[in-house]
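Biologist: I would like to learn how to read pockets, strands and cores in a model. Could you walk me through one?

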Amino acid sequence: MGQENRQKQEHGERNKRNLKSLIKNYSQEGYIAENITPYQTGYPDFDKKQFKIDHLITFDDGEVWGIHTTSTIRTDRAKQIQWDAYHIKQINQNVKKIYLVFPEGLDYNNQQQALSYQRKIREKKMYSAIDDVLSLSELERFIESKGLENEKIGKRKAMEGKNFEKQIVSLLNHPSNVEKWNQSSATEDGYFYPTFQQIMNLIGISKNEKIIKIKATNKIPKLETGGQPKTDILLTVTTDRRSEEIFTFSCKRSSATYVSIHEYTAESFIEVLGIKDKKLQEAFRKLQEVGGFTKLKEQYDTLYKIMEKELPNLNKKLAQWAYAGIGGYGNPKIHWANYIIVFKNDTKALEMEKIDVYITNILQNVEGQMGTSFQWTYPSKKKGKAIQLKGKIT
């Protein structure tokens, strides 16, 4: 019994550590203005530490949330948390929400228990001082959404994309995931472990392999042209069965049907696509000048017809360059993406695939303009200076 209690205590401490990692990340990014951990309070003339939760976070606008984590929501445990949550709200009127958080890597039975309790609260089948039961990833989205709610849409989308990259880097580097993967601890749920496991499976790391060293970064050197590479995350992994290997990922986060994925000058298109035909070269330059196919047809119909005939033959090269950087500038080992990870804001689905499989799907299923998989336009305020491709994130 003593061993079982020690394991439960260690399990709880590890989950608190992982929640603390998430809150620390968003505090460093400026989303959270203040974090008190643990938060303890009490009524006047009574014990000032009677009621307790793991974190009390305050946002820039003054809104206050209480956050508590648990790996098991037994009836007696839940009642204790409800008791604390109720009285914390009574004592501190600034606390707007209190969330109960469970880890992503929870075993099946405890996960189902957490989801059952979540449904009871969301469907209002029980009175609850706890506002919601969230997985760690749901809490992250809640914090991000709150922190970005007053930003303009363009900036918000850009920041969401960078946050997604940072989240992937953080979970790949988190030591708890290596511990769980290597089965070093029976009480470790991991930090966004299902995503970590999904990525390891994607890149072909066997569950029988012990991870010796792993390092991820989103600090990728720029191309020699000064532009940004298609690789968003560079991952190096060493196991007990293989020496160090490098893996490159493109990360996409979107709810739009088409998003801007590629922007280069007409001269770059000509160079990378290996266009030798002088008329087709001229067609690219005129397309950049006028800004779109409608204008090109109106003003240079002969060149339009040349593009209409030749662009379908360049579609595969275009897709490889636009989505992965393949065939373009930079070092193929670090600047070209081998894999793609996609988070869809509308469905909250996280999907990942080898880039060649992903591009094959794009080529087979996405119809854009002029026999290609893309919408062709120009970047904002850069008409006449560059060509922009918009592609689907499938």
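This is a predicted model: local features need pLDDT of at least 70, side-chain atom pairs count only at pLDDT 80 or more; totals for chains, interfaces and linings use all residues.

Biologist: What volume does the largest pocket have?

Modeller: The general idea first: rolling a probe the size of a water molecule over the atoms shows where empty space is left. Here the largest pocket has a volume of about 970 Å³. Its lining is made of 27 residues, and Asp232, Cys251, Lys252, Ser260 and Ile261 are the closest to the centre. The elements giving two or more residues to that lining are α5 (153-173), β10 (245-254) and β11 (258-264). Sorted by class, the lining of the largest pocket holds 8 nonpolar, 11 polar and 8 charged residues.

Biologist: Which residues lie nearest the centre of the second largest pocket?

Modeller: Those are Lys8, Gly12, Thr70, Ser71 and Thr72, from a lining of 21 residues. The space in this second largest pocket is about 520 Å³. Helix α1 gives the largest share of the lining, 7 residues. By class, 3 residues of this lining are nonpolar, 11 polar and 7 charged.

Biologist: Which way do the residues of β5 point?

Modeller: In a regular strand the side chains alternate between the two faces of the sheet. In β5, Val64, Gly66 and His68 point one way, while Trp65, Ile67 and Thr69 point the other way.

Biologist: Which strands pair with β5, and in what sense?

Modeller: Strand β4 (residues 55-58) runs antiparallel to β5, joined by 4 bridges, and Thr58 stands opposite Val64. Between these two strands the hairpin has 5 residues, and Gly62 takes a positive phi near 95°. Strand β6 (residues 95-102) pairs with β5 in the parallel sense over 6 bridges, with Ile67 opposite Tyr99.

Biologist: How many residues does the largest nonpolar core have?

Modeller: That core has 46 residues, and Leu172, Phe196, Met200, Leu235 and Phe249 have the most contacts inside it. Beyond its neighbours within four places in sequence, Phe249 is in contact with residues including Ile199, Leu202, Leu235 and Tyr339. A second, separate core has 44 residues, among them Val259, Leu273, Ile340 and Ile359.

Biologist: Is Gln82 buried or exposed?

Modeller: Gln82 sits in helix α2 (residues 75-91) and is buried, with a relative accessible area of 11%. Among the residues Gln82 touches are Tyr117, Met126 and Ile130.

Definitions and conventions:
Residues are numbered from 1 along each chain as its sequence is written. Side-chain values use heavy atoms; hydrogens and water are left out. Buried means under 20% relative accessible area, exposed over 50%, partly exposed in between (1.4 Å probe, protein chains only). Contact means heavy atoms within 4.5 Å. On a 1 Å grid over the protein atoms alone, a cavity is a set of points where a 1.4 Å probe fits but cannot get out, and a pocket is an open set with protein on both sides within 12 Å along at least five of seven lines; lining residues have an atom within 4 Å of a point. Grid points are joined across faces, edges and corners, and a volume is the space filled by probe spheres set on the points. Ala, Val, Leu, Ile, Met, Phe, Trp, Tyr, Cys and Pro count as nonpolar, Asp, Glu, Lys and Arg as charged, and the others, Gly among them, as polar. A nonpolar core is a set of buried Ala, Val, Leu, Ile, Met, Phe, Trp, Tyr and Cys residues joined through side-chain atoms within 4.5 Å. Two strands pair if DSSP finds at least two bridges between them.
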